[in-house]
Structures are given as structure tokens and as C-alpha cells.
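Trainee: I'd like to learn how to read a model like this one, feature by feature. Can we go through it together?

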Amino acid sequence: MSFKIEIGAVNSGAGSSENSYQLVIAGGGPAALSAAIYAARYGIKHLVVESWQPGGQAALTAEIENYPGFSSVAGSDLTNAMKQQATAAGAVFVMETVESAEEKNGKILIKTDLGQYTSDYLIIATGAAPATLGVPGEEKYYGRGVSFCATCDAPFFKGKKAIVVGGGDSAVKEALHLTHVVSELGLVHRRDKLRAEPYLAKKLVEHEKVTTWWNSHLVEVTGDDQGVTGVILDTPEGRKHIETNGVFLYVGTVPATEPFKSLVDLDGKKAVVTRNIVGTSNPRVFAAGDVTNNGFRQVVTAVSEGARASAAIFELLENEE
Amino acid sequence: MPLLSEEDRKAIRGHFDLMTKDVKVTLTRAPGKCDTETILNELNELSSRLTVEVVESTDKDQMLPSLSIGDSGRVLFKGIPSGYEFSSLLTGIIDTGRDEQTLSDETMAFLDNLQEDLHIRVFVTPSCPHCPQSVVLAHRLAGYSDRVVAEGIEANEFQELSMKYQVQGVPRTVINETFAVEGSQPEPYLIEGLKRHMGIEKDA
Ligand SMILES: Cc1cc2nc3c(=O)[nH]c(=O)nc-3n(C[C@H](O)[C@H](O)[C@H](O)COP(=O)(O)OP(=O)(O)OC[C@H]3O[C@@H](n4cnc5c(N)ncnc54)[C@H](O)[C@@H]3O)c2cc1C
């Protein structure tokens, strides 16, 4: 095994020693990393606040094949390269979670679990978290067979049975990833057709290890004290109990906007409502990537929006001088 | 070719410069060179505060490679600290080399009043970006209290142990065989959960 290194954000613990910035970037996924590269190169005094290791959802996928310049790249390699590029340009990261943000005396006051910062501008790039189904057993068996991250947890299902729920790009990609390790894979989708890229969808549906359950809903995850033992599906042929060890859920995402709900307008799905792509209802606040209502949630769109947001702020700061 | 690129070195040096105390990392490994030793030697070059000691072990029952950060013998990592776990190693070194306390007052009070020893095992995989948070927290608890031993464990490398502790997702934190949490829990949640499990009242 080659020794792979992700330096990530090293949590210095006590928060950043400085607490006044021109720009705070909330999040550390592709949108934030791109915003950080541009902010650093523009010489904007900034801070990137990310809860975990930078990379976001893109770091949770084994393979990205549609990011221009790379026929195939591991998600974490791509985001790690972005992180390194940002660090080399002078970007500053802290490993903290934004808990709230409000406007105070013409500035934005950002409170995290470890500190607080005031900033002239804020870019919300907190992306989205996996949606849950809210069915019995889902929460109980989380980490005991129920997973939202095939890349992290696939090794525990080597030679075992698993099902994937969902029909979008991420469901199909992660299902394909799982076919390399599991003995059998069920795919449960509420429609009769996958939304994913046709090429990937075909590859999955035709895979010898894969059984598809169309027009079906997962209604319960069953298990015992060892973890998941099966799922109950609502299928066109009635209720079915399927034996499985793993349940991987890719049933959509929910924008991570809780800390910002009083600062900017959100739509009914909790996404930040944007104007001119990266502007929000608050002139001091910009938003980029999966957290917005811009649609088409991809790495390439997230990085483009992150860049636009920093460029827009650079222009505003220039005009203020 | 070195494992660390010039850019990596620069970034790590910046972090290591924050250290105000000397830190020893002890690697126990099976006979023969290993990547973990190579990476530690490369790290060693980046700070005069860091020293690396290598111990060879032929004990088949020992979990190897094994890393102990600092002199306490309580801040441990079992397996190769690669992928995202490399940042757990770095943070562990930097934390140990600094005087600053990062735990909250509530957490410190809880640790000060511990009536029993805690053995924390955090199961991780190198491809899990959420995992270092849990390892770092466990290491900090052990760094603060001599009643706590914290091990980050690379689950793929120690499959029997992972099976014993029913690891089917990472991070999974198991404390004293009896208490387990899934996912990366922020400090206050972990401590609250642990207090409830130990029957300690919230405001006690
Ligand atoms: C399994 C999977 C496979 C995918 N495959 C592809 C693909 O092949 N090609 C492609 O283009 N796209 C793919 N995507 C989509 C792509 O990953 C996302 O569109 C992209 O990551 C969005 O970037 P972002 O920066 O907007 O948000 P995210 O990637 O969601 O990053 C947001 C970051 O903000 C952090 N955060 C959240 N709340 C807070 C807070 N309060 N304080 C601090 N930090 C916070 C999060 O920890 C996270 O790191 C995939 C997604 C998944 C889940």
C-alpha cells in the first residue's frame, strides 16, 4: 500500500489568534477551497472555517470522472490538491464549526464552537449533508450497517450483501464502487429509471452482482445486536424482506444552512436563494456550491461559484478603499 | 523519493513551529523497514522539537505498527497513519508540543472527577475525512487526564479486533468495552453521552 498523505486542516485548537477579517469562508468543500485560492491570491485577509478535514462531499467519493482535466481522479486526491494549492497561495484554515452568523455594526459576526470572528464579508460554502429517510431502524443502525459513505465504510462489507438506496449520480457511482467488494448488491429506487449519467446507470444495472428494485421504497431497516440483518421494501409486488448487511443511503441532500437562516433568505428546501449566481439577500454575504439554490450540484459548478464569490468580494473591497 | 512533497514540508513546518515543548514519538514495528518509519523520519527533519524512537518487536500478538505520541504512553495510534489519519498524527504531535489547553472547562471538570480509568478505542479508515476529529478528541482527553488511554485504530489493518468491536462504519468510538458511539461526535456530545452512560448527573 502506498503511503498517501492528506495533511488537511490541523486543528490548532484554540481557534485562530486573530479574529477580524475581510472575509470568512464557511465550509471547506470544493466551493470553499476555490474561494480560498482566489481570496488568497487577491490578498484578501481571510479565514476558512471547516468542521472536518477539507474536501466536503467530493472527498467522500472514490472516483470523479467528470471534472475537466482528469479522466478519473479519487475525490480526496482532487480536493487535497485544491487544499494544497490554497495553502501554497496563503489560505488560512481552522477546524471549527460555524454555529451562528449575524450582522452586527455593519459587519458579520461569526460564532464557532471554539471562537468568534468579525468579518466584512462572508461566503457561505457549507454545502449539503446527506438526507435521511426517517424510517425505523435507520438511526438505530447508523454505523452498524447503515452508512452514508461507501468510500469510508466499504471495507467492512467485503464479501457481504449490501443495498444502495437512491437513483442519482452519487447513488449509482457509490453502488458501482461497492460492487468491487460486496458479494451481492441491491439497488432500491423509487422510480423505474435512474437519474444518473446513462453510461454509469447502464454499467450498474447490467452488473452481475446487482439486483434492482424499481418503484420501491425502503420502509424499515431490521437488525439485531450485531447490526443490520435486512430491510423491508415496499415494492409493486408488495412488501418484501430482503437480507442484507449494509444499507447505503444516497437519497438526496439537505443544504447546511442552519447557522445562516436569520442572515440570508432560504428557499423551501433550505437552500440559500442566490442573485447573480453568488449574491444573497444580504449584500455582505455570498454563497457558493451545493448550499445554494443554483441547481446542478457538482464539483465543477461549486469551484466556479467559489471563484466568483471571492472575485465579487475583491471588487467590493477595492471600491471601498 | 521522499513521501512528503516540498509543499507538504512547508505546511507541516508552519504547524510544527507552534510547538513550545519537545515531543517524542515512539514507533514500535515488526522487523524490517516500514513506511511509517520513513514518514516519521521525514517529519523528524522538520522540527528540532521532535524526536523519533524506533522499537523493534517480534511479538506476534502486538498490534503493529504502533505509535505512542509523547511520554505518557496514553496517546496511541495502531496501524499505518496514512490518508486522513496522517493529520491525526500531526495534530497529536502538535497538541503534545503545546501548552495550550483546548478542551472545554466542562470536559476538564469531568476528567478531573473521573473515578474510573477510561480506555478509548477509535476505529477509523484512512479514507474517512470525518475520522481524525474523533481520534484527535480522544487523544486530547488522554493528553489531559492520566486516567484516560486513547487509541486510534486503523480498522482495515486489525480486522479481528474490528470484528470483536462490531465495527461496520467509521469512526466508531468504543469506551471501556461498554459504551460506543457512531460517527464523529463533537466534544460536548461525546462527554454528555459518556456522563449519561456512567450515571453522572448533568450538573453534578
Ligand atoms: C457520493 C458522492 C459522489 C459524488 N460524485 C461527484 C462526481 O463524480 N462529480 C461531481 O462533479 N460531483 C460529485 N458529487 C457532488 C459534489 O461532491 C458536490 O457537488 C460538491 O462537493 C459540492 O461542494 P461544496 O463545496 O458546495 O459543498 P460540500 O462538498 O458539501 O462541502 C461543504 C463543507 O462545509 C462543511 N460545513 C458544513 N457546515 C459547516 C459549518 N456549520 N461550519 C463549518 N463547516 C461546515 C462541511 O463539513 C463540508 O466539508 C458527489 C457527491 C457525493 C456525495
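Predicted model: local features only at pLDDT ≥ 70, side-chain atom pairs only at ≥ 80, totals over all residues.

Trainee: Which residues come nearest to the ligand?

Mentor: There are 35 residues around the ligand, and the nearest are A:E50, A:Q57, A:K173, A:D290 and A:V299.

Trainee: And how do I read the polar contacts? For instance, how far is an oxygen atom of the ligand from an N or O atom in the side chain of A:Q57?

Mentor: Look for pairs of N or O atoms within 3.5 Å. With A:Q57, a side-chain N or O atom is 2.7 Å from a ligand oxygen. A:S51 also uses its side chain: an N or O atom there is 3.3 Å from a nitrogen atom of the ligand. With A:A58 it is the backbone, where an N or O atom lies 3.2 Å from an oxygen of the ligand.

Trainee: How much of the ligand's accessible area does the protein cover?

Mentor: On its own the ligand has 1000 Å² of accessible area, and the protein covers 91% of that.

Trainee: Which elements give two or more residues to the shell?

Mentor: In chain A, these are α1 (30-42), β2 (46-50), α4 (169-179) and α6 (299-320). The largest share is from α4(A), with 3 residues.

Trainee: Now the aromatics. What describes a pair of aromatic rings?

Mentor: Two things: how far apart the centres are, and the angle of the planes. Over all chains, a search of the whole structure turns up 8 aromatic pairs. One of them is A:Y142 with A:F148, at 5.9 Å centre to centre and 45° between the planes.

Trainee: Why is that pair called tilted, rather than stacked or edge-to-face?

Mentor: Stacked needs planes under 30 degrees apart and edge-to-face needs over 60. The A:Y142 and A:F148 planes are 45° apart, so the pair is tilted.

Trainee: Are those two residues buried or partly exposed?

Mentor: One of each. A:F148 has a relative accessible area of 19%, so it counts as buried, because the cut-off is under 20%. A:Y142 is at 33% relative accessibility, which makes it partly exposed.

Trainee: Which residues form an aromatic cluster with A:Y38?

Mentor: A:Y42 and A:F314 do; together with A:Y38 they form one cluster.

Trainee: And where do charges sit over rings?

Mentor: Here are two cases to look up. A:K83 has its charged end over the ring of A:F93, 4.6 Å from the ring's centre. A:R284 lies over the face of A:Y121, and there the distance to the ring centre is 4.9 Å.

Trainee: Let's finish with the backbone. Which peptide bonds are cis?

Mentor: Two to check are in chain B. The bond from B:L64 to B:P65 is cis, with omega near -5°, and B:P65 sits in the loop between β2 (50-56) and β3 (66-69) of that chain. The bond joining B:V170 and B:P171 is cis too, with omega about -5°. B:P171 belongs to the loop between α6 (159-164) and β7 (172-175) of chain B.

Conventions. Residues numbered from 1 in each chain as written. Chains lettered and ligands numbered in written order. Heavy atoms only, no water. Phe/Tyr/Trp six-rings, centres within 6.5 Å; stacked < 30°, edge-to-face > 60°. Buried < 20%, exposed > 50% of the residue type's maximum accessible area, 1.4 Å probe, protein only. Lys NZ or Arg CZ within 6 Å of the ring centre and 35° of its normal. Near = heavy atom within 4 Å. Polar contact = N/O pair within 3.5 Å; in protein donor to acceptor, adjacent residues only side chain to side chain. Areas by Shrake-Rupley, 256 points an atom, 1.4 Å probe, with all protein chains shown as cover. Helix = DSSP H or I, 4+ residues; strand = E, 2+ residues; numbered from the N terminus.
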